[in-house]
Amino acid sequence: MLNTSGVLAVLDRGVTINWDDGPTLHRVTAQVRYHTASVATTQLIRFHATTRASEYPLAFVQEDRLKVTWTWLEGYDGSSEAVQWITQLSVTNTTEEVVYLDSMDVIRIDNAFSGQCNLGAPPGLWQCASEKNTEHLEWETWSQSTASAGGFKRNGVLLVQPVVSNRTHPPVLLIRHVPSLGSASAELPVEIKLEINGERFERLVAHNRANGTLLGPGVTMVSSQFLIASGDDATELLHLTLD
């Protein structure tokens, strides 16, 4: 069943989501990469949850050459308890020149910057559902000698669960891409990457690859939405939709 105990808090300049007897995602941040015609070198905006633009929905804003807004919405079950979160970036070119957007990392958890993804078991025991069969679960297990040695990469749905865990039941973590219908980002490729080794979590990134999309002065690009949820039933989570 879905874990409805999740709580979202702003800690250490990032977003933390913690589920009782479930996963912990600590120091979730965002990131935007772009370049200009005059400077081909990639410019980087590391986005932190510091300046709030609004409380409901929870939104943060950061301005450099670009204005970036990071929004978090809560989804509910039949009661008042949140069962999922939906997050999204919007990027506005506030300069007088054209910029070229390279990527929008809507979710970024980086161990090198104190980020954590904790499922109650070492990453060597984690398994990830294949995207080849959307009706039935097929698990890919981490292995040092296969393509999963560096972790897992998915194009739309990341569903990960340890084989065993120190939780009551091995928790399932879901991150699902939800297209922003009618927006230009609906055409942008999506990647969800979980980078691990047998002993340690390294990085979790859910992003749109913008591939140098032109962003004129005053123009805004909105990313895809990403849904985050947890529970102990992988099949239930596989079919969870935006609510």
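**Figure 1. Cys 117 in the predicted model.** Cys 117 counts as buried, because its relative accessibility is 7%. The model shown here and in the other views is predicted. Cys 128 is also buried, with a relative accessible area of 0%. A disulfide is a covalent bond between the sulfur atoms of two cysteines. For Cys 117, the closest cysteine sulfur is that of Cys 128, and the two sulfurs are 11 Å apart, which is too far for a bond. Seen from Cys 128, the closest cysteine sulfur is that of Cys 117, again at 11 Å and too far for a bond. The structure holds zero disulfides.

**Figure 2. The salt bridge between Asp 12 and Arg 27.** Side chains of opposite charge can pair when their charged atoms come close. In this view Asp 12 forms a salt bridge with Arg 27, and the closest N and O atoms are 3.2 Å apart. Asp 12 sits in the loop between strand E1 (7–11) and strand E2 (14–18), while Arg 27 belongs to strand E3 (residues 24–36), so the pair ties together parts that are 15 residues apart in sequence. Asp 12 counts as partly exposed, at 44% relative accessibility. Arg 27, at 11% relative accessibility, counts as buried.

**Figure 3. The salt bridge between Arg 65 and Glu 97.** The side chains of Arg 65 and Glu 97 meet with an N to O distance of 2.3 Å. Arg 65 counts as partly exposed, at 30% relative accessibility. Glu 97 is partly exposed as well, with a relative accessible area of 29%.

Figure 4. A salt bridge joins the side chains of Asp 110 and Arg 203, at 3.1 Å from N to O. This pair links distant parts of the chain, since Asp 110 is in strand E9 and Arg 203 is in strand E17 (residues 201–215), 93 residues apart. Asp 110 is buried, with a relative accessible area of 8%, whereas Arg 203 is partly exposed, with a relative accessible area of 22%. Both residues belong to a network of salt bridges that also links Asp 105, Arg 108 and Glu 195. A search of the whole structure finds 11 salt bridges.

Figure 5. Pro 171 is found in the loop between strand E14 (157–162) and strand E15 (172–178). Pro 171 is buried, because its relative accessible area is 3%, and the cut-off for buried is under 20%. In sequence, Pro 171 and Gly 120 are 51 residues apart. In space, the distance between Pro 171 and Gly 120 is 8.1 Å from C-alpha to C-alpha.

**Figure 6. A patch of negative charge on the surface.** The residues that gather in this patch are Asp 20, Asp 21, Asp 232, Asp 233 and Glu 236. One of these residues, Asp 233, has its place in the loop between strand E19 (225–231) and helix H1 (234–238). At 33% relative accessibility, Asp 233 counts as partly exposed.

Terms used. Residues numbered from 1 in each chain as written. Predicted model: local features only at pLDDT ≥ 70, side-chain atom pairs only at ≥ 80, totals over all residues. Heavy atoms only, no water. Patch = residues over 30% accessible without salt bridge, like charges linked within 9 Å, V, L, I, M, F, W, Y side chains within 5 Å. Areas by Shrake-Rupley, 256 points an atom, 1.4 Å probe, with all protein chains shown as cover. Salt bridge = Lys/Arg side-chain N within 4 Å of Asp/Glu carboxyl O. Lys, Arg positive; Asp, Glu negative; His and termini not counted. Charge placed at Lys NZ, Arg CZ, Asp CG, Glu CD. Helix = DSSP H or I, 4+ residues; strand = E, 2+ residues; numbered from the N terminus. Buried < 20%, exposed > 50% of the residue type's maximum accessible area, 1.4 Å probe, protein only. Disulfide = S-S within 2.5 Å.
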